[in-house]
Amino acid sequence: PFYKTKLNPAFNALYGIPGVAEVLSERLVTHIPLRTLEDVMNLTKQDLLEVKGIGPKLAENILKHIHN
């Protein structure tokens with residue numbers, strides 16, 4: 001599927017974040033959905049908390065990594 005390929009920059013950007021494995025990256029890009037780096041940069045804590053497997057601490061970690 002598109003979301004698991006190198007053609008999806010959002011999947012690739014998320015997959016490298018500590019605590020975000022392949023399964024969680026897939027959930028993020030399909031649940032929200034995310035297709036571009038701009039989509040990733042526009043994520044909010046609330047967006048992240050709506051995804052199964054992401055709690056407040058991991059949401060903060062993800063936001064910290066994408067905005068640094």
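**View A. Phe-11 and Tyr-15 in helix α1.** Phe-11 and Tyr-15 lie four residues apart in helix α1 and are therefore separated by about one helical turn; helices (H or I, at least four residues) are DSSP runs, numbered from the N terminus. An α-helix has 3.6 residues a turn, so residues three or four places apart point the same way. The structure, a predicted model, holds one aromatic pair. The ring centres of Phe-11 and Tyr-15 are 5.7 Å apart and their planes stand at 15 degrees, so the pair is stacked. Rings of Phe, Tyr and Trp (its six-membered ring) pair if their centres lie within 6.5 Å, and planes under 30 degrees apart count as stacked. Phe-11 is buried, with a relative accessible area of 5%, whereas Tyr-15 is partly exposed at 42% (buried means under 20% relative accessible area, exposed over 50%, partly exposed in between; 1.4 Å probe, protein chains only).

**View B. The largest nonpolar core.** This core has 19 residues, and Leu-14 and Ile-54 have the most contacts inside it. Helices α1, α2 and α5 are the elements that give two or more residues to the core; α5 gives the most, with five. A nonpolar core is a set of buried Ala, Val, Leu, Ile, Met, Phe, Trp, Tyr and Cys residues joined through side-chain atoms within 4.5 Å.

**View C. Buried residues of helix α2.** In α2 (residues 22–31), Leu-24, Ser-25, Glu-26, Leu-28 and Val-29 are buried. The buried residues of α2 pack against α1 (9–15), α4 (45–49) and α5 (56–66), where contact means heavy atoms within 4.5 Å.

**Notes.** Residues are numbered from 1 along each chain as its sequence is written. Local features need pLDDT of at least 70, side-chain atom pairs count only at pLDDT 80 or more, totals for chains, interfaces and linings use all residues, and side-chain values use heavy atoms, with hydrogens and water left out.

Note on methods. Rings of Phe, Tyr and Trp (its six-membered ring) pair if their centres lie within 6.5 Å; planes under 30 degrees apart count as stacked, over 60 as edge-to-face and the rest as tilted.
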